Amino acid sequence: MNSSLILRVGIALVLGVVVGLLGGQPVADWLAPFGDLLLQLLKFLIVPIILFTLMVGVNQANVGSMGRVGRKLLGYYVATTAFAIVVGLTVATLLEPGTGMTLDENAQVEVPENPGFVNVLLSIVPTNIVGAFSEPNLLGIIFTAIVFGIALLKLRESKSHGEQGERLYQVVEALSAVTLKVMAGVLHYVPIGVFAIVAETAGEQGVNTILALGDMVLVLYVALLIHLLIYCGLMRLFGVQLGPFFREARTPMATAFATQSSSGTLPLTLDAARRMNLPQSIYGFSLPLGATINMDGAAIRIAISAVFAANVAGAPLDLVTMVEIVLIGTLISVGTAGVPGAGIVMIATVFAQVGLPIEAVALLVSIDALVGMGATGLNVTGDLVGTAIISRTERKYVRTGEQTQRDGGEAKVDVAT
């Protein structure tokens, strides 16, 4: 209980792979409920942690600063997503995954419906708050938290209701603290859940699947590593300390890798930002939004899948098609926010738009879990990197607190010092 959480998660990852590969499908089925429990515990925390964290964050900032941070976030998300697709296309073009494979033209795959960019934008404003919380609709929850947070801020500034506003703010702040206490308890179960999920994934995929499409998986992870190095360069450029950053970010990174869920990992990502001593007024907004629309890992996956499909079909991509993939993939990554199987939805949509054979999706489905793990890990990392960088640019506007402070017996380090 007192050992390092990342040490326990790391051991769980290794043991999960070993047990899954040795035990196969029977062990995977037996362990599945333990992994499902972790996902349910994390989803259980999503609504209160977003709602209370964001409301408190809004009340520590002002409306003007939120607009400025929002513009920076949008620019960061669009730029890094587009660049991730360029990285994926470049690496895949050089390493040529799928060359020599043949396409089964009779293959069929069920692809979830793409809701479309306009529908995603409309879902930001929920028609029913209770419905938004029960789904959960992350964009709707973010909108609700911001609207009520701003209303609470105005209430506190009001001469007639200022005292009531302050009392209400103290209640919301206390609820946020209680949620963090609950999360501290859930953290102890994370290694067990990670072990079960990884063992289940390894057992279902098996060695044969990994070897059959190993070049595709290898190329994807090479591209993810290159993009991670680009993150490191960006953080160094903006003065973010890499050591403290990765010390706190590694737990949500590993959990996202195991669970393949950016939104499910959100409670751990928010906790990591708190431990980094980043401004709550920034991370309370940037991380929930990033978990919904910022998908650098998924963007790389789209690019490499497109090159893979083109090589399997024997028709390598030309420059014009690559530019189309960059533009379409950037928009699609937002347009599939919150959709189950979002990775496959994005890939199928891009394939349809640029004329790639949809049958190739059937090949990619077989390794969906393997590539989804790495892509999700990078998605979450990108959210934290963007938050740390934007916090650095906002240091003259916000106060992050003391450089090192104690909170519940655990140190928080300002990574942007």
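I began with a term: a nonpolar core is a set of buried Ala, Val, Leu, Ile, Met, Phe, Trp, Tyr and Cys residues joined through side-chain atoms within 4.5 Å. Buried means under 20% relative accessible area, with a 1.4 Å probe and protein chains only.

The model is predicted, so I noted that local features need pLDDT of at least 70, side-chain atom pairs count only at pLDDT 80 or more, and totals for chains, interfaces and linings use all residues. Residues are numbered from 1 along each chain as its sequence is written, and side-chain values use heavy atoms, leaving out hydrogens and water.

**Entry 1: the chain.** I looked up the helices and strands (DSSP runs: H or I of at least four residues, E of at least two). The chain has 16 helices and 2 strands. Of its 417 residues, 54% count as buried.

**Entry 2: the core.** Which residues touch the most other members of the largest nonpolar core? I found L89, V194, F245, L317, I325 and F351, in a core of 114 residues. Helix α1 gives the largest share of this core, 18 residues.

**Entry 3: α1 and α11.** I turned to helix α1 (residues 5-59) and helix α11 (residues 280-293). Their axes, lines fitted to C-alpha atoms over the stretch in contact, come within 7 Å and cross at roughly 140°. Contact means heavy atoms within 4.5 Å. On α1, I50, T53, L54, V56 and G57 make the contact. On α11, Q280, S281, Y283, G284, F285 and P288 do.

Methods. Axes fitted to C-alpha atoms, helices over the stretch in contact; angles between N-to-C directions. Buried < 20%, exposed > 50% of the residue type's maximum accessible area, 1.4 Å probe, protein only.
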